[in-house]
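Okay, everyone, thanks for coming. Let me put today's structure on the screen and then walk you through it.

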Amino acid sequence: MVQHIPPGQPSVTANLVVRDGLAMLDFYRRAFDAEILLRLVADDVLMYSEVRIAGTVVTVSDEMPEFGVVAPDPQGAVHASFTLWVPDADATFARAVAAGATPVSEPADQFHGDRTGVLRDPSGHRWLIATHLEDMTEAEMAARMAQVMGQ
């Protein structure tokens with residue numbers, strides 16, 4: 001019997017719409033050690049792909065405005081972003097920038113116990129690169145947040 005979710009897929013999958021999909025697959029491979037699982041190309045258009053990044057499968061395809069699907073504006077505001085948990089935020093951040101990402105904020109220790117940096121990939125998606133540094137209770141995080149906010 002065929003299962004309602006394909007093998008290896010989570011029940012919720014992010015679908016990244018990009019410009020120059022084949023180049024973006026190469027970027028994700030170089031920047032995030034992504035594994036390309038499936039790649040369907042027609043007339044140099046990346047129609048569909050499955051990519052494993054840090055154990056999570058996402059799909060990536062070229063934008064298709066004729067179907068109402070477009071990549072984000074690389075300079076504009078974003079409506080969603082991705083958090084990528086890695087063993088070394090600084091190293092992954094540097095590798096992504098070397099691969100073509102644009103830094104938004106350099107990695108720094110945060111009040112909530114994580115070290116994070118933010119970047120935009122060449123297609124405009126916003127990525128928060130994070131390494132967890134310490135376990136904290138909600139009350140501890142709230143107290144540190146209040147201190148940072150000057151409250």
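Before anything else, one term: I'll say buried for under 20% relative accessible area, exposed for over 50%, and partly exposed for what falls in between. Take D26: it has a relative accessible area of 29%, so D26 is partly exposed. Keep in mind that this is a predicted model.

Now, the overall picture. The chain has three helices and eight strands, and starting at the N terminus they come in the order β-α-β-β-β-β-α-β-β-β-α. Of the 151 residues, 34% count as buried.

Side chains of opposite charge can pair when their charged atoms come close. How many salt bridges does a search of the whole structure find? The count is eight. D26 takes part in one with R29, where the closest N and O atoms are 2.3 Å apart. Those two sit three residues apart in helix α1, about one turn of the helix. D26 also forms a salt bridge with R30, this time at 2.8 Å between the closest N and O atoms. R30 and D26 are four residues apart in helix α1, so about one helical turn separates them. Through shared partners, then, D26, R29 and R30 end up in one network.

Another salt bridge links R19 and E63, at 3.5 Å from N to O. R19 is in the loop between β1 and α1 while E63 is in the loop between β4 and β5, so this pair ties together parts that are 44 residues apart in sequence. Both ends are partly exposed: R19 has a relative accessible area of 33%, and E63 has 24%.

D62 is found in strand β4, residues 56-62. D62 is buried and has no salt bridge, and the nearest side chain of opposite charge, R19, is 8.6 Å away. What the D62 side chain does reach is backbone: the nitrogen of D20 at 3.1 Å, and the nitrogen of L46 at 2.6 Å.

Most residues other than glycine have a negative phi. D20 is not a glycine, yet its phi is positive, about 55 degrees. D20 is in the loop between β1 and α1, and at 53% relative accessibility D20 counts as exposed. D44 is another such case, with a positive phi near 65 degrees in a residue other than glycine. You'll find D44 in the loop between β2 and β3, and D44 is exposed at 68%.

Last stop, the largest pocket. About 190 Å³ of space lies in there. Which classes of residue make up the lining? There are nine nonpolar residues, three polar ones and no charged ones. Strand β1 gives the most to that lining, with three residues. Among the lining residues are L16, V17, P72, F82 and H125.

Over to you for comments.

Terms used
Residues are numbered from 1 along each chain as its sequence is written. This is a predicted model: local features need pLDDT of at least 70, side-chain atom pairs count only at pLDDT 80 or more; totals for chains, interfaces and linings use all residues. Side-chain values use heavy atoms; hydrogens and water are left out. On a 1 Å grid over the protein atoms alone, a cavity is a set of points where a 1.4 Å probe fits but cannot get out, and a pocket is an open set with protein on both sides within 12 Å along at least five of seven lines; lining residues have an atom within 4 Å of a point. Grid points are joined across faces, edges and corners, and a volume is the space filled by probe spheres set on the points. Ala, Val, Leu, Ile, Met, Phe, Trp, Tyr, Cys and Pro count as nonpolar, Asp, Glu, Lys and Arg as charged, and the others, Gly among them, as polar. Buried means under 20% relative accessible area, exposed over 50%, partly exposed in between (1.4 Å probe, protein chains only). Lys and Arg count as positive and Asp and Glu as negative; His and the chain ends are not counted. A salt bridge is a side-chain nitrogen of Lys or Arg within 4 Å of a carboxyl oxygen of Asp or Glu. A polar contact is a pair of N or O atoms within 3.5 Å; within protein, one must be able to donate a hydrogen and the other to accept it, and residues adjacent in sequence count only if both atoms are side-chain atoms.
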